[in-house]
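Q: Hi! Could you walk me through this one?
A: Happy to. Let's have a look together.

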Amino acid sequence: MTEGKRRYSPSRLQTYTTCGHAYYLEKFVREPQRQAVWFIQGTAVHSAIEAYERSFRMSAPEMPLEVFEATWHLEMEKAYKEQPDESMWMVGGRRKLSTDREKRFEMGRNQVLDYIGYHAPDGRMRPAEIVPGEPAVEVGFELDFGEFLCIGYIDMVVEDQETGLWFPEDWKTGSKLPVDPFQIGTYGIALKELTGQEVPWGGYWDCRNNELVTKDLTPYTKDVVGNWYRQFHEGIKAGVFLPNPGDACFTCTVKPTCVYAA
Ligand code: SF4
């Protein structure tokens, strides 16, 4: 029975561990949040890569690029409806918002083209087929930790054609890869539960540098991962939302209403 149990996700855990007060303002107080073009770029690149992988890498680049552009415009419209005040949009460096939009649109298109260039239909790393005949992209999972659940989606489960090993991969469009193991460690356990196979490592496809960055997942057993979420769960129940003023404030979506902001 999973009804009535609290549901968490790797991204919620990441928000909580980065700054508990940000989690509180976002999820409990529901303060208006800042927007950023880089969120839209990330979503549009994901949709395009997903479309390319779903075609078994057989589509010409035009199709994923069309998906990129359609997602970009849709997400931009949604984001402006949610946050029409342009002073609440974050931009990198000293750029104007309009310049940021142009540059990131071009960067996102190039990230899609580069991804296609590095992922040929006969490449060594190809999507696994958990369900035969279906590339394993956007693979949903639900981990039951007793009192609560952890749910999410793995961008892609990859099969190494040389070793036959399957591993989870997350596509990253930002300038920094995560330093914490929460997301990729959770994906490792989720994939193990889905397939019954050992998952010794996982990876990020780094769209900025066009490389696969691998991570050793052997330290992150189900007990270890379950304990991350248990601490999170207990923290929420006890109302513990510690602020963490520092580097995280720069890209924090609720900074305008935070009294601790650095
Ligand atoms: S501005 Fe800084 S301290 Fe405040 S919620 Fe955001 S990350 Fe936390």
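**Two helices**

A: Helix α6 (residues 182-195) packs with helix α7 (residues 222-238) at an angle of about 130°, their axes lying 10 Å apart. That angle makes α6 oblique to α7, since oblique is the class for what is left after under 35 degrees (roughly parallel), over 145 (roughly antiparallel) and 65 to 115 (roughly perpendicular).

Q: Is this an experimental or a predicted model, and how are residues numbered?
A: It is a predicted model, where local features need pLDDT of at least 70, side-chain atom pairs count only at pLDDT 80 or more, and totals for chains, interfaces and linings use all residues. Residues are numbered from 1 along each chain as its sequence is written, and side-chain values use heavy atoms, leaving out hydrogens and water.

Q: Which residues in α6 and α7 meet?
A: From α6, F182, G185, T186, I189 and E193 meet K222, V225, W228 and Y229 of α7 (contact means heavy atoms within 4.5 Å). By class, that contact has 5 nonpolar, 2 polar and 2 charged residues.

Q: New topic: where is T71, and is it buried or exposed?
A: T71 sits in helix α4 (residues 62-82). T71 counts as buried because its relative accessibility is 13%, and buried means under 20% relative accessible area with a 1.4 Å probe, protein chains only.

Q: What does T71 touch?
A: Leaving aside residues up to four places away in sequence, T71 touches T43, A44 and S47.

Q: And what surrounds the ligand?
A: C19, A22, P245, C249, C252, K255, C258 and A261 surround the ligand, each with a heavy atom within 4 Å of it. By class, this shell has 7 nonpolar, no polar and 1 charged residues.

How values were computed:
Axes fitted to C-alpha atoms, helices over the stretch in contact; angles between N-to-C directions. Helix = DSSP H or I, 4+ residues; strand = E, 2+ residues; numbered from the N terminus. Nonpolar A, V, L, I, M, F, W, Y, C, P; charged D, E, K, R; others polar. Buried < 20%, exposed > 50% of the residue type's maximum accessible area, 1.4 Å probe, protein only.
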